[in-house]
Amino acid sequence: MNERTKRIFLAICIIVPFLLYCFYYYSQMFKNAPFRFADFESIVLKYGEGDSLVNQFDSKTGRYQFLNMQDSLVVDTIRLRKDDFQYLHGKATQLGFWNLPDDMTSDDTTEKRQAARFYLRYNYKEKSKEVMLDADFNGNTKMRDAAKSIMDEAMRVISDARDRQ
């Protein structure tokens, strides 16, 4: 065997199987991704002070209830577009929503304070991811900031959809 055929043989025996394995591995990984946009169904957002989460939005029903400036409960119907869902899913993926703990509430029960509390749930065909966050959560600041950013984006998208109607 000359030098050129040895290199070709080496490439065929090592590089080609490696590339085939990478293709197979990553295609299965993307196919079985835990939270895919194709399976995305709805979001549920609730927020308020303390345990009373009176401000609520459910994208499946389109029902949006909130307290206005006069402390009266207003119920409205808001429909999100596919672009809105795609944006929210992409933002959750970008900010690592899937890696956040489910409970990010403060453990301090000695005081009767009324801190802002947020609840966000992304519903998919076979599973869902939910996060409960207190505004004064004093755990990991990066995780708190990521969760707060996702909550803010969801509220902004809902507000924009309400303004469109």
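This is a predicted model: local features need pLDDT of at least 70, side-chain atom pairs count only at pLDDT 80 or more; totals for chains, interfaces and linings use all residues.

Q: Why is D71 called exposed?
A: Relative accessible area decides the term: under 20% is buried, over 50% is exposed, and anything in between is partly exposed (1.4 Å probe, protein chains only). D71 has 64% relative accessibility, and therefore counts as exposed. D71 is placed in the loop between β3 and β4 (73–77).

Q: Why is I15 called partly exposed?
A: I15 has a relative accessibility of 47%, so it counts as partly exposed. This residue belongs to helix α1 (residues 3–31). Between the C-alpha atoms of I15 and D71 there are 67 Å, and the two residues are 56 apart along the chain.

Q: Which residues is A146 in contact with, leaving aside its neighbours within four places in sequence?
A: Contact means heavy atoms within 4.5 Å. With those neighbours left aside, A146 is in contact with L95 and L100. A146 and A92 lie 9.0 Å apart in space, C-alpha to C-alpha, and 54 residues apart in sequence.

Q: What share of the contacts between residues at least 6 apart in sequence joins residues at least 24 apart?
A: Of these contacts in the chain, 61% join residues at least 24 apart.

Q: How many helices and strands does the secondary structure come to?
A: There are 3 helices and 7 strands. Helices (H or I, at least four residues) and strands (E, at least two) are DSSP runs, numbered from the N terminus. In that direction the elements follow the order α-β-β-β-β-α-β-β-β-α.

Q: How is it known that β1 and β2 pair?
A: Two strands pair if DSSP finds at least two bridges between them. Strand β1 (residues 40–49) and strand β2 (residues 52–58) have 5 bridges in the antiparallel sense, and therefore meet the definition. Y47 has N55 as its bridge partner in β2, and L45 stands opposite F57 in β2. The hairpin formed by β1 and β2 has 2 residues between the strands, and G50 in its turn has a positive phi of about 65°.

Q: Which strand does β1 join by 9 bridges?
A: These bridges join β1 to strand β6 (residues 116–124), and the two run antiparallel. In β6, F118 is the bridge partner of Y47 and Y122 that of I43.

Q: Why is β1 described as largely enclosed by the rest of the structure?
A: The description is used because 7 of the 10 residues of β1 are buried.

Q: How do β3 and β4 pair?
A: β3 and β4 pair in the antiparallel sense over 5 bridges, and L73 in β4 is the bridge partner of L67. Their hairpin has 5 residues between the strands, and D71 in the turn has a positive phi of about 60°, although D71 is not a glycine.

Q: What is the order of the strands in the open sheet, and why is one side of β4 and β5 left without a neighbour?
A: The open sheet of 7 strands has the order β4-β3-β2-β1-β6-β7-β5, with mixed pairing. β4 and β5 (103–104) stand at the edges with a single partner strand each, so one side of each has no neighbour in the sheet.

Methods: Residues are numbered from 1 along each chain as its sequence is written. Side-chain values use heavy atoms; hydrogens and water are left out.
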